[in-house]
Amino acid sequence: MLTYGRLYPAAMSLMAYGWATPAAIGIGLWLISRTSQIPLLHTTILTSAGIIWNLGVLLGVCGILIGDGQPFELLAFPSYSTVILFVAFAMIAVWVLFTAWYARNNKFSLAQCFVILAFVSFPWLFCSANLVLLWHPIQASAQGVVAAWYFGGFNNLWLGAMAIGAMFYLIPKAVDRPIYSETLGQLSFWTFLLFAAWTGMARYIGGPFPAWLVSAGVVASVLALIPTFSIAINIHMTLHGQYRVAGWCPTVRFLAVALFSLVFAAVFAAINALPDVNSVTNFSQVPKAQQILGFYGFFSMVAFGAIYYILPRTYNWEWPCSSLIHWHFWLALAGIILGTVSAFLGGFLQGFALFDIANTFRSSVEFVSPFLFLSMLASFLILASNLAFASQFVLMLLKTGKPKNGPTFLAEPIETSHEPAAV
Amino acid sequence: MNKLTTFIIAIVVVFGLSWVGLVAYPVSTLSHLQPLPDEDTGGAFPPTTSGLAVAGQKVYAANGCVHCHTQQVRFSPLSTDIAKNLGKRQSVARDYIRDHTPFFGSSRIGQDLTNYGVKETDANAIHRHLYEPRSVVEWSSMPSFRYLYNYRKIISQPSAQAIQGLTGPNAPKPGYEVVPSPEAQALVAYLLSLKQNYPLPESPEPTAK
């Protein structure tokens with residue numbers, strides 16, 4: 001029963017709703033309380049929402065495995081579990097908006113802007129998409145557009161916005177200096193909001209949809225380079241001269257990798273959205289390379305960096321083992337590079353064989369299969385790195401090791417430490 | 001006005017634009033496409049599908065076929081789909097109005113299935129393929145869907161539905177047979193119904209080569 005067609009959507013859904021979304025929620029809650037200068041109040045709502053959410057995910061994954069899955073990417077959960085997920089998330093989103101309402105700072109900081117955006121857009125995306133695709137399905141001819149809107153929105157406006165918000169908060173804290181330019185940040189926020197929501201349709205170039213919808217997706221994917229570059233320049237200038245902090249501070253190290261992945265992923269998406277390129281790469285493994293880069297290289301690395309920063313502060317205990325952080329980082333980096341490169345190269349060969357009239361379908365399958373094997377190795381590297389992280393996390397929760405005076409670094413900080421004391 | 005109110009109104013306006021374009025617009029237009037009358041036979045394009053084929057869509061969805069197989073023919077000359085004989089014309093929105101959910105797909109690890117029912121008309125051959133893909137296409141990377149079939153002892157008469165022509169290690173032992181479950185039969189009926197070989201005015205067949 002457990003063929004690829006069931007395991008793959010189950011794994012992707014677990015990645016999106018079992019890891020990425022809960023991580024984004026946790027980081028978002030911490031960021032919104034921190035930046036609004038309001039303590040976590042009424043936590044019963046949040047913890048019960050968390051339990052309901054996890055039950056919904058469990059139910060959804062079992063649903064996919066027993067054959068109730070839906071044929072949409074990132075929307076594979078059956079309708080009975082998405083109702084539960086929506087209720088859980090709505091509780092959290094309302095809580096966040098109440099906190100933002102009573103925010104004590106006069107003007108929203110950049111991090112706050114991105115976090116609020118994420119918490120407003122996700123319920124909207126999730127509710128609209130589920131309503132017209134699962135709960136009350138519209139005619140199939142129209143469903144693909146909504147699914148593409150959700151796919152783009154989930155990646156960019158939910159996970160992307162949360163990760164960018166976390167970067168804008170954590171990088172200045174970790175290197176102890178303000179954001180390079182607030183104005184540039186505002187520009188990136190509004191251009192991001194404008195363009196990122198439209199990018200989804202670029203995956204249907206030549207597909208059975210009105211051409212203008214697809215063109216809008218192509219244009220948005222290229223224009224999304226504006227916010228990406230402005231964010232990258234802003235973060236880079238904030239880090240400028242302080243990159244050496246990545247030598248000892250886990251947060252900065254993970255975030256630096258995420259920054260590079262963000263730029264690569266956006267450039268990649270823009271090039272891949274050009275119709276001439278897309279006619280070769282679409283339906284091959286190339287979009288998978290983009291997914292690894294965006295989902296793992298960017299979002300997950302930000303999430304890891306943020307967790308390394310946040311957890312000692314909320315839990316009053318330092319990370320027990322710095323060598324596990326080393327393993328986590330290097331295995332993850334190796335997995336990301338191998339996974340991206342093999343999917344990219346294999347995808348290109350496969351795409352050319354699919355495109356070229358002289359090549360048969362068989363050659364496209366044979367070209368890509370050694371690269372699929374490499375992708376599998378990359379998945380094992382990522383699995384090993386995640387095991388290192390998970391064991392560290394458990395050791396942390398058990399408060400193993402001796403109490404420490406300062407944070408756990410990967411090496412001795414050079415000169416004066418730029419890690420600010422826990423507030 | 002609280003600063004949050006202004007901020008949220010701004011987000012709603014800008015993000016709402018994408019919602020209008022990519023949700024409200026398709027819901028109001030694309031989801032109300034009608035079939036076109038076929039004047040020669042009194043039928044309609046796209047033709048209606050059998051109840052068994054509709055049930056087969058659920059089996060197709062449940063087993064995640066969409067993760068390896070696309071069902072869309074892109075236009076020429078952007079793509080070579082038509083030159084590679086995936087179909088004679090481009091797929092358009094109206095082609096999908098009979099489906100419950102669309103299986104456009106995003107990966108071609110497996111063949112495109114838009115016109116599978118045009119190329120393959122033998123139900124037994126499809127059953128053999130689903131039962132053990134490598135017995136039909138030796139380089140196939142498709143998993144076997146044996147769990148949709150019953151391997152059972154022949155009682156008095158062999159079943160008329162039993163798969164014929166299984167050879168080598170896949171052949172049932174003497175006195176045994178492999179019979180498709182209702183799911184497998186529905187799935188095959190659905191696969192046989194996959195045809196975009198009727199004319200639609202919005203998607204003329206390209207003529208000049």
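Okay, let's start with one residue: A:Leu74 is partly exposed, because it has 18 other C-beta atoms within 10 Å. The cut-offs go like this: a residue is buried if 20 or more other C-beta atoms lie within 10 Å of its own, exposed if 12 or fewer, and partly exposed in between, with C-beta atoms placed from the backbone. A:Leu74 also has a positive phi of about 65°, although it is not a glycine. Most residues other than glycine have a negative phi.

Before I go on, some housekeeping. This is a predicted model, where local features need pLDDT of at least 70 and side-chain atom pairs count only at pLDDT 80 or more, while totals for chains, interfaces and linings use all residues. Residues are numbered from 1 along each chain as its sequence is written, and chains are lettered from A and ligands numbered from 1 in the order in which they are written.

So where does A:Leu74 sit? You'll find it in the loop between helix H2 (43–65) and H3 of chain A. When I say helix or strand, I mean a DSSP run, numbered from the N terminus: H or I with at least four residues for helices, E with at least two for strands.

A:Leu75 is in that loop between H2 and H3 of chain A too. Is A:Leu75 buried or exposed? A:Leu75 counts as buried, because it has 23 C-beta neighbours inside 10 Å. Leaving aside neighbours within four places in sequence, A:Leu75 is in contact with A:Gln70, A:Ala129, A:Leu133, A:Ala147 and A:Tyr150. Contact here means that the C-beta atoms of two residues, placed from the backbone, lie within 7 Å. A:Gly50 is 25 residues away from A:Leu75 along the chain, and their C-alpha atoms are separated by 20 Å.

Now over to A:Leu65, in helix H2 of chain A. A:Leu65 has 15 other C-beta atoms within 10 Å, so it is partly exposed. Its contacts, again skipping neighbours within four places in sequence, are A:Leu2, A:Arg6 and A:Ala10. The C-alpha atoms of A:Leu65 and A:Pro9 are separated by 9.0 Å, and these two are 56 residues apart along the chain.

There's another positive phi at A:Phe283, about 70°, and that's not a glycine either. A:Phe283 lies in the loop between helix H10 (275–281) and helix H11 (286–315) of chain A. It counts as buried because it has 28 C-beta neighbours inside 10 Å.

Next, a pair of helices. Two packed helices are described by the angle between their axes and the distance between the axes. H4(A) and H6(A) pack at an angle of about 10°, with their axes 10 Å apart. Those axes are lines fitted to C-alpha atoms, for helices over the stretch in contact, and angles run from 0 to 180 degrees between N-to-C directions. So H4(A) is roughly parallel to H6(A); angles under 35 degrees count as roughly parallel, over 145 as roughly antiparallel, 65 to 115 as roughly perpendicular and the rest as oblique. Who makes the contact? From H4(A) we have A:Leu110, A:Cys113, A:Phe114 and A:Leu117, and from H6(A) come A:Glu182, A:Gly185, A:Phe189 and A:Leu193.

On to the two chains together. How many residues of chain A are in contact with chain B? There are 57 of them, meeting 55 residues of chain B. Helix H5 (residues 140–175) of chain A gives the largest share of chain A's side, eight residues.

Chain B has a helix to look at here. Helix H1 (residues 3–28) of chain B bends by about 40° at B:Val20, where the bend is the angle between axes fitted to the seven residues ending there and the seven starting there. The buried residues of H1(B) are B:Ile11, B:Phe15, B:Ser18, B:Leu22, B:Val23 and B:Pro26. What covers them includes H4, H5, helix H6 (182–196) and helix H7 (211–223) of chain A.

Last stop, peptide bonds. Most peptide bonds are trans. The one from B:Phe45 to B:Pro46 is cis, with omega near -10°, and B:Pro46 is in the loop between strand S2 (44–45) and helix H2 (51–62) of chain B. B:Ser76 and B:Pro77 are also joined by a cis peptide bond, with omega about 5°. B:Pro77 lies in the loop between H2 and helix H3 (116–119) of chain B.
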